[in-house]
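Subject: Handover of a structure and its findings

Dear colleague,

Please find below the structure that I am handing over to you.

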Amino acid sequence: MYGLLLESISDLIKTKYGEDKWEEIRQLAKVGPSVFSTHETYGEELIPNIARAAAVVLKENADDIMDGFGVAFVSFVGQYGYDSILKVLGRHMRDFLNGLDNLHEYLRFSYPKLRPPSFFVENESKAGLTLHYRSRRKGFVHYVKGQIRRVGELFYNTKVNIYVVDEVENADHTVHVKFRLLFNNVAYRDNNRLTVDSIVDNIPLSGL
Ligand code: HEM
(Lines give C-alpha, C1' and ligand atoms only; values in the text may rest on other atoms or scores of the structure.)
Protein backbone atom coordinates (compact mmCIF):
# COMPACT_ATOMS: atom_id res chain seq x y z
CA MET A 1 0.00 0.00 0.00
CA TYR A 2 1.34 3.39 -1.01
CA GLY A 3 2.48 5.86 1.64
CA LEU A 4 0.01 8.49 0.46
CA LEU A 5 -2.84 6.80 2.34
CA LEU A 6 -0.74 6.26 5.47
CA GLU A 7 0.44 9.87 5.42
CA SER A 8 -3.14 11.10 5.40
CA ILE A 9 -3.97 8.82 8.35
CA SER A 10 -0.99 9.82 10.51
CA ASP A 11 -1.62 13.47 9.64
CA LEU A 12 -5.26 13.17 10.76
CA ILE A 13 -4.38 11.48 14.07
CA LYS A 14 -1.60 13.97 14.86
CA THR A 15 -3.71 17.03 14.04
CA LYS A 16 -6.89 15.86 15.74
CA TYR A 17 -5.49 14.03 18.79
CA GLY A 18 -1.84 15.12 19.08
CA GLU A 19 1.61 13.62 18.49
CA ASP A 20 1.50 11.59 21.74
CA LYS A 21 -1.64 9.72 20.72
CA TRP A 22 -0.10 8.98 17.31
CA GLU A 23 2.98 7.52 19.06
CA GLU A 24 0.77 5.40 21.31
CA ILE A 25 -1.28 4.12 18.36
CA ARG A 26 1.81 3.53 16.23
CA GLN A 27 3.41 1.43 18.95
CA LEU A 28 0.28 -0.57 19.70
CA ALA A 29 -0.17 -1.24 15.96
CA LYS A 30 3.54 -2.21 15.72
CA VAL A 31 4.12 0.26 12.90
CA GLY A 32 7.87 0.61 12.23
CA PRO A 33 8.22 3.96 10.45
CA SER A 34 7.06 7.15 12.19
CA VAL A 35 6.81 9.06 8.91
CA PHE A 36 5.77 7.79 5.50
CA SER A 37 6.91 8.67 1.97
CA THR A 38 4.09 9.28 -0.50
CA HIS A 39 5.48 7.14 -3.32
CA GLU A 40 6.91 4.29 -1.26
CA THR A 41 4.94 1.11 -0.58
CA TYR A 42 4.29 -0.34 2.90
CA GLY A 43 2.73 -3.51 4.29
CA GLU A 44 -0.95 -4.11 3.53
CA GLU A 45 -1.65 -4.86 7.20
CA LEU A 46 -0.64 -1.38 8.39
CA ILE A 47 -3.91 0.51 7.83
CA PRO A 48 -6.20 -2.14 9.38
CA ASN A 49 -3.75 -2.46 12.31
CA ILE A 50 -3.66 1.31 12.84
CA ALA A 51 -7.48 1.45 12.76
CA ARG A 52 -7.73 -1.31 15.38
CA ALA A 53 -5.11 0.31 17.61
CA ALA A 54 -6.74 3.75 17.22
CA ALA A 55 -10.07 2.25 18.28
CA VAL A 56 -8.46 1.01 21.51
CA VAL A 57 -6.43 4.14 22.29
CA LEU A 58 -9.17 6.63 21.35
CA LYS A 59 -12.00 4.45 22.72
CA GLU A 60 -13.94 4.67 19.47
CA ASN A 61 -15.52 2.18 17.13
CA ALA A 62 -13.06 0.78 14.52
CA ASP A 63 -15.61 1.20 11.68
CA ASP A 64 -16.03 4.88 12.59
CA ILE A 65 -12.25 5.24 12.66
CA MET A 66 -11.96 3.82 9.12
CA ASP A 67 -14.80 6.11 8.01
CA GLY A 68 -12.88 9.07 9.45
CA PHE A 69 -9.71 7.96 7.61
CA GLY A 70 -11.71 8.00 4.35
CA VAL A 71 -13.10 11.47 5.04
CA ALA A 72 -9.62 12.78 5.84
CA PHE A 73 -8.09 11.29 2.68
CA VAL A 74 -10.30 13.38 0.38
CA SER A 75 -9.28 16.60 2.13
CA PHE A 76 -5.65 15.49 2.43
CA VAL A 77 -5.06 14.94 -1.30
CA GLY A 78 -5.85 18.64 -1.78
CA GLN A 79 -2.34 19.37 -0.48
CA TYR A 80 -0.90 17.58 -3.49
CA GLY A 81 -3.10 19.45 -5.95
CA TYR A 82 -5.07 16.26 -6.63
CA ASP A 83 -8.25 18.11 -5.66
CA SER A 84 -8.16 19.89 -9.02
CA ILE A 85 -8.36 16.47 -10.74
CA LEU A 86 -11.19 15.42 -8.44
CA LYS A 87 -13.11 18.62 -9.19
CA VAL A 88 -13.18 17.92 -12.92
CA LEU A 89 -13.95 14.21 -12.65
CA GLY A 90 -17.62 14.77 -13.39
CA ARG A 91 -20.34 17.36 -13.45
CA HIS A 92 -22.48 15.04 -11.36
CA MET A 93 -21.88 12.53 -8.59
CA ARG A 94 -22.55 9.47 -10.80
CA ASP A 95 -20.02 10.68 -13.43
CA PHE A 96 -17.50 11.18 -10.66
CA LEU A 97 -18.04 7.65 -9.34
CA ASN A 98 -17.90 6.12 -12.82
CA GLY A 99 -14.66 8.05 -13.42
CA LEU A 100 -12.79 6.65 -10.41
CA ASP A 101 -11.32 3.70 -12.34
CA ASN A 102 -9.90 6.05 -14.98
CA LEU A 103 -8.54 8.29 -12.25
CA HIS A 104 -6.66 5.43 -10.58
CA GLU A 105 -5.47 4.18 -13.98
CA TYR A 106 -4.08 7.62 -14.72
CA LEU A 107 -2.34 7.64 -11.31
CA ARG A 108 -0.42 4.54 -12.34
CA PHE A 109 2.09 6.89 -14.01
CA SER A 110 3.13 8.17 -10.59
CA TYR A 111 2.29 5.00 -8.61
CA PRO A 112 3.42 2.12 -10.86
CA LYS A 113 2.70 -0.65 -8.30
CA LEU A 114 -0.87 0.56 -7.79
CA ARG A 115 -3.50 -2.10 -7.06
CA PRO A 116 -6.53 0.11 -7.46
CA PRO A 117 -10.12 -0.54 -6.45
CA SER A 118 -12.87 -0.53 -9.07
CA PHE A 119 -16.24 1.22 -9.02
CA PHE A 120 -19.35 1.29 -11.19
CA VAL A 121 -22.81 2.77 -10.95
CA GLU A 122 -26.19 1.23 -11.77
CA ASN A 123 -29.90 1.49 -10.93
CA GLU A 124 -30.06 5.24 -10.84
CA SER A 125 -33.17 6.94 -9.56
CA LYS A 126 -33.97 10.52 -8.63
CA ALA A 127 -33.22 9.57 -5.02
CA GLY A 128 -29.86 7.89 -5.57
CA LEU A 129 -27.97 5.04 -7.17
CA THR A 130 -26.34 1.67 -6.53
CA LEU A 131 -22.55 1.65 -6.41
CA HIS A 132 -20.44 -1.48 -6.88
CA TYR A 133 -17.01 -1.45 -5.24
CA ARG A 134 -14.47 -4.17 -6.01
CA SER A 135 -11.14 -4.48 -4.26
CA ARG A 136 -8.27 -6.82 -3.60
CA ARG A 137 -8.29 -5.52 -0.02
CA LYS A 138 -10.53 -6.35 2.87
CA GLY A 139 -11.61 -3.85 5.48
CA PHE A 140 -12.06 -0.70 3.40
CA VAL A 141 -15.87 -0.59 3.29
CA HIS A 142 -16.17 2.17 5.88
CA TYR A 143 -13.21 4.00 4.38
CA VAL A 144 -15.08 4.16 1.07
CA LYS A 145 -18.24 5.38 2.82
CA GLY A 146 -16.26 8.22 4.39
CA GLN A 147 -14.58 9.13 1.09
CA ILE A 148 -17.85 9.28 -0.82
CA ARG A 149 -19.72 11.29 1.82
CA ARG A 150 -16.84 13.80 1.82
CA VAL A 151 -16.74 13.97 -1.99
CA GLY A 152 -20.49 14.70 -1.95
CA GLU A 153 -20.04 17.56 0.54
CA LEU A 154 -16.88 19.02 -0.95
CA PHE A 155 -17.47 18.80 -4.69
CA TYR A 156 -21.24 18.44 -5.12
CA ASN A 157 -22.58 20.27 -2.09
CA THR A 158 -24.74 17.19 -1.53
CA LYS A 159 -25.43 15.14 1.57
CA VAL A 160 -25.12 11.44 0.75
CA ASN A 161 -26.49 8.64 2.96
CA ILE A 162 -24.72 5.36 2.27
CA TYR A 163 -25.97 1.85 3.05
CA VAL A 164 -24.19 -1.45 2.51
CA VAL A 165 -26.62 -3.71 0.63
CA ASP A 166 -24.36 -6.68 0.07
CA GLU A 167 -20.78 -7.74 0.74
CA VAL A 168 -19.22 -10.84 -0.84
CA GLU A 169 -15.72 -12.28 -0.78
CA ASN A 170 -14.96 -14.11 -4.02
CA ALA A 171 -12.89 -17.27 -4.46
CA ASP A 172 -10.02 -15.17 -5.84
CA HIS A 173 -10.05 -13.19 -2.53
CA THR A 174 -11.41 -10.04 -4.12
CA VAL A 175 -14.18 -8.24 -2.27
CA HIS A 176 -17.39 -7.04 -3.93
CA VAL A 177 -19.51 -4.55 -2.01
CA LYS A 178 -22.83 -3.18 -3.17
CA PHE A 179 -23.76 0.19 -1.70
CA ARG A 180 -27.01 2.12 -2.07
CA LEU A 181 -26.34 5.85 -2.06
CA LEU A 182 -29.28 8.10 -1.20
CA PHE A 183 -29.00 11.71 -2.30
CA ASN A 184 -30.66 14.30 -4.48
CA ASN A 185 -29.61 12.84 -7.83
CA VAL A 186 -29.83 15.97 -9.95
CA ALA A 187 -28.27 14.25 -12.98
CA TYR A 188 -31.11 11.73 -13.16
CA ARG A 189 -33.70 14.51 -12.81
CA ASP A 190 -31.98 16.57 -15.53
CA ASN A 191 -31.93 13.59 -17.87
CA ASN A 192 -35.60 12.91 -17.29
CA ARG A 193 -36.49 16.49 -17.95
CA LEU A 194 -34.43 16.35 -21.16
CA THR A 195 -36.38 13.31 -22.29
CA VAL A 196 -39.71 15.00 -21.64
CA ASP A 197 -38.44 18.16 -23.37
CA SER A 198 -37.31 16.22 -26.39
CA ILE A 199 -40.70 14.48 -26.64
CA VAL A 200 -42.45 17.85 -26.49
CA ASP A 201 -39.97 19.24 -29.04
CA ASN A 202 -40.79 16.44 -31.42
CA ILE A 203 -44.56 16.81 -31.33
CA PRO A 204 -45.51 18.27 -34.74
CA LEU A 205 -46.88 21.77 -34.35
CA SER A 206 -49.99 20.77 -36.26
CA GLY A 207 -50.69 18.24 -33.53
CA LEU A 208 -50.91 20.90 -30.84
C1 HEM B 1 -6.88 12.30 -6.73
C2 HEM B 1 -7.25 11.66 -5.65
C3 HEM B 1 -6.82 10.25 -5.37
C4 HEM B 1 -5.57 9.72 -5.35
C5 HEM B 1 -4.25 10.45 -5.58
C6 HEM B 1 -5.70 8.31 -5.04
C7 HEM B 1 -4.64 7.44 -4.92
C8 HEM B 1 -4.71 6.18 -4.40
C9 HEM B 1 -3.57 5.35 -4.09
C10 HEM B 1 -2.11 5.74 -4.30
C11 HEM B 1 -4.04 4.21 -3.54
C12 HEM B 1 -3.19 3.05 -3.00
C13 HEM B 1 -3.32 1.85 -3.84
C14 HEM B 1 -2.14 0.91 -3.68
O15 HEM B 1 -1.23 1.19 -2.88
O16 HEM B 1 -2.12 -0.13 -4.35
C17 HEM B 1 -5.48 4.32 -3.52
C18 HEM B 1 -6.32 3.37 -3.00
C19 HEM B 1 -7.66 3.55 -2.87
N20 HEM B 1 -8.45 4.53 -3.44
FE21 HEM B 1 -7.76 6.19 -4.34
N22 HEM B 1 -7.02 7.99 -4.89
C23 HEM B 1 -7.74 9.15 -5.08
C24 HEM B 1 -9.11 9.31 -4.99
C25 HEM B 1 -9.96 8.34 -4.57
C26 HEM B 1 -11.38 8.53 -4.37
C27 HEM B 1 -12.13 9.85 -4.58
C28 HEM B 1 -11.88 7.33 -3.95
C29 HEM B 1 -13.29 6.94 -3.59
C30 HEM B 1 -14.30 7.73 -3.48
C31 HEM B 1 -10.77 6.39 -3.87
C32 HEM B 1 -10.85 5.10 -3.41
C33 HEM B 1 -9.75 4.33 -3.06
C34 HEM B 1 -9.83 3.17 -2.20
C35 HEM B 1 -11.10 2.62 -1.57
C36 HEM B 1 -8.51 2.68 -2.07
C37 HEM B 1 -7.94 1.56 -1.16
C38 HEM B 1 -8.73 0.39 -0.89
C39 HEM B 1 -8.79 -0.61 -2.00
O40 HEM B 1 -7.77 -0.91 -2.65
O41 HEM B 1 -9.90 -1.10 -2.21
N42 HEM B 1 -9.62 7.03 -4.26
N43 HEM B 1 -5.86 5.52 -4.06
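The expected span of a helix is 1.5 Å times one less than its number of residues. Helices (H or I, at least four residues) and strands (E, at least two) are DSSP runs, numbered from the N terminus. For H1, a helix of 15 residues, this rule gives 21 Å, and the end C-alpha atoms are 21 Å apart, so the two values agree.

Two remarks on the source come before the rest. This is a predicted model, in which local features need pLDDT of at least 70 and side-chain atom pairs count only at pLDDT 80 or more, while totals for chains, interfaces and linings use all residues. Residues are numbered from 1 along each chain as its sequence is written.

Overall architecture

The protein chain contains nine helices and four strands, and their order along the sequence is α-α-α-α-α-α-α-β-β-α-β-β-α. Its C-alpha atoms fill a box of roughly 80 × 35 × 30 Å along the principal axes. Of its 208 residues, 27% count as buried. A residue is buried if 20 or more other C-beta atoms lie within 10 Å of its own, exposed if 12 or fewer, and partly exposed in between, with C-beta atoms placed from the backbone.

Which residues of H1 are buried? They are Leu-4, Leu-5, Leu-6, Ser-8, Ile-9, Ser-10, Leu-12 and Ile-13. The buried residues of H1 pack against H2, H3 and H4. Two residues are in contact if their C-beta atoms, placed from the backbone, lie within 7 Å. Beyond its neighbours within four places in sequence, Ile-9 is in contact with Ile-47, Ile-50 and Phe-69. After H1 comes Gly-18, with a positive phi near 100°.

Ile-9 also belongs to the largest nonpolar core, which has 42 residues; Ile-9, Ile-50, Ala-54 and Phe-69 have the most contacts inside it. Such a core is a set of buried Ala, Val, Leu, Ile, Met, Phe, Trp, Tyr and Cys residues joined through C-beta atoms within 7 Å. Domain 1 (3–60) and domain 2 (91–193) both give residues to this core, so the core lies between them. The domain bounds come from an automatic or database domain assignment. The C-alpha centres of the two domains lie 25 Å apart, and the contact takes four residues from domain 1 and five residues from domain 2.

Surroundings of the ligand

The ligand is surrounded by 24 residues, and the closest are Tyr-2, Tyr-82, Pro-117, Ser-135 and Gln-147. Here a residue is near a molecule if its C-beta atom, placed from the backbone, lies within 6 Å of it. H8 (141–156) is among the helices that supply at least two residues of this shell, and H8 gives the largest share, five residues. By class, the shell has 19 nonpolar, three polar and two charged residues. Ala, Val, Leu, Ile, Met, Phe, Trp, Tyr, Cys and Pro count as nonpolar, Asp, Glu, Lys and Arg as charged, and the others, Gly among them, as polar.

Asn-123 is not a glycine, yet its phi is positive, about 45°. Asn-123 is found in strand S1 (residues 118–125) and is exposed, with 10 other C-beta atoms within 10 Å. His-173 likewise has a positive phi, near 70°, and lies in the loop between S3 and S4. His-173 is exposed, with 9 other C-beta atoms within 10 Å.

Yours sincerely
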